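Subject: Handover of a structure and notes on it

Dear colleague,

Please find the structure below, together with its sequence. My notes follow directly after it, and I would be grateful if you read them with the model open beside you.

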Amino acid sequence: MNKNRALLLDRDGVINRDKAYVWHIADFEFMPGLFPFLRNVRDGGFRVAIVTNQSGVARGFYTEQDFENLTAHMLSELRREGIEIELTLACFHHPEGVDAAYKRESFWRKPNPGMVMEAARRMDLNVDTSAFLGDSLRDLEAAQAGGIGKCLWMTSPDTTPPTGMTVVRNFDQALAGLFA
Ligand SMILES: [Mg+2]
């Protein structure tokens, strides 16, 4: 029986400020409050992974290597804060891409559950006891389709969430939702 539980996180708008197609290290700005939040998440027994749509590659804005360079920077900054991210998955495809190598639909692209399922497989997760935190509805749709038990949508508090999702306004509420 799978026994690990994890918090899966979207990247843009959750880990870092969403400035649309961020790939320059100079543009990568961690969200305020992220570090203590993730320390609490890990101390509470959750593994942590990131699953992110990166259609900027398909659109020709940046390359997979640019993404990998930024990811290495992100992970090393987080490690300096005592936070270990076990897995980072990205989907570079988009049906309207300009780069033929990436121009297609993908089961990995959220709201499809491919990345959630892949993270669950690689990390040997119990999806029922795992959680997802995202700032876009499609993040949580992917999480639900992947069977994730706790779907936390970080958005404005007046949003009415679909059944099975919880709206949280900030990291404090996300933490409360995670351990509720
Ligand atoms: Mg996002």
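This is a predicted model: local features need pLDDT of at least 70, side-chain atom pairs count only at pLDDT 80 or more; totals for chains, interfaces and linings use all residues.

Strand 2 and strand 3 (residues 87-91) pair in the parallel sense, over five bridges. Helices (H or I, at least four residues) and strands (E, at least two) are DSSP runs, numbered from the N terminus, and two strands pair if DSSP finds at least two bridges between them. Within this pairing, Val51 stands opposite Leu89 of strand 3, and Asn53 stands opposite Cys91.

Residues are numbered from 1 along each chain as its sequence is written.

The sheet

Strand 2 also pairs with strand 1 (residues 6-9), in the parallel sense and over four bridges. Here Leu8 stands opposite Ala49 of strand 2. The chain goes from strand 1 through helix 1 to strand 2 in a right-handed β-α-β crossover. Strand 2 (residues 47-53) is mostly covered, with six of its seven residues buried. A residue is buried if 20 or more other C-beta atoms lie within 10 Å of its own, exposed if 12 or fewer, and partly exposed in between, with C-beta atoms placed from the backbone.

Taken as a whole, the sheet is open and has six strands in the order 3-2-1-4-5-6, with parallel pairing. Strand 3 and strand 6 are the edge strands, each pairing on one side only. From one strand to the next the twist averages 20 degrees; axes are lines fitted to C-alpha atoms, for helices over the stretch in contact, and angles run from 0 to 180 degrees between N-to-C directions.

The largest nonpolar core has 41 residues, of which Leu8, Val116, Phe132, Leu133 and Leu152 touch the most other members. Such a core is a set of buried Ala, Val, Leu, Ile, Met, Phe, Trp, Tyr and Cys residues joined through C-beta atoms within 7 Å. In soluble globular proteins, nonpolar side chains tend to be buried together. Leaving aside residues up to four places away in sequence, Leu8 touches Ala49, Val51, Val116, Ala119, Ser130, Phe132, Ala143 and Ile148. Two residues are in contact if their C-beta atoms, placed from the backbone, lie within 7 Å.

In helix 5 (residues 171-178), the buried residues are Phe171, Ala174 and Leu175. Seen down the helix axis they fall within an arc of 100 degrees, so they line one face of helix 5; the arc is that of the directions from the helix axis to the C-beta atoms. Their cover includes helix 1 (34-43), strand 4 (131-134), strand 5 (150-154) and strand 6 (165-168).

The loops

Several individual residues in the loops may also be of interest to you.

In the loop between strand 3 and helix 3 (114-123) lies Pro111. A cis peptide bond joins Lys110 and Pro111, with omega at about 20 degrees. Tyr102 is found in the loop between strand 3 and helix 3 and counts as buried, with 21 C-beta neighbours inside 10 Å. Not counting residues up to four places away in sequence, Tyr102 touches Val57, Ala58, Phe92, His93, His94 and Gly97. Tyr102 and Ser55 are 47 residues apart in sequence and 8.6 Å apart in space, C-alpha to C-alpha.

The loop between strand 1 and helix 1 holds Ala20, whose phi is near 70 degrees, a positive value in a residue other than glycine. Ala20 is exposed, with 8 other C-beta atoms within 10 Å. Arg17 is placed in the loop between strand 1 and helix 1 and counts as partly exposed, with 14 C-beta neighbours inside 10 Å. Apart from residues up to four places away in sequence, Arg17 touches Glu29 and Met31.

Finally, Asp124 lies in the loop between helix 3 and strand 4. Asp124 is not a glycine, although its phi is positive at about 55 degrees, and with 12 C-beta neighbours inside 10 Å it counts as exposed.

With kind regards

Technical notes
A crossover is right-handed if, with the strands pointing away from the viewer, the path from the first strand over the helix to the second runs clockwise.
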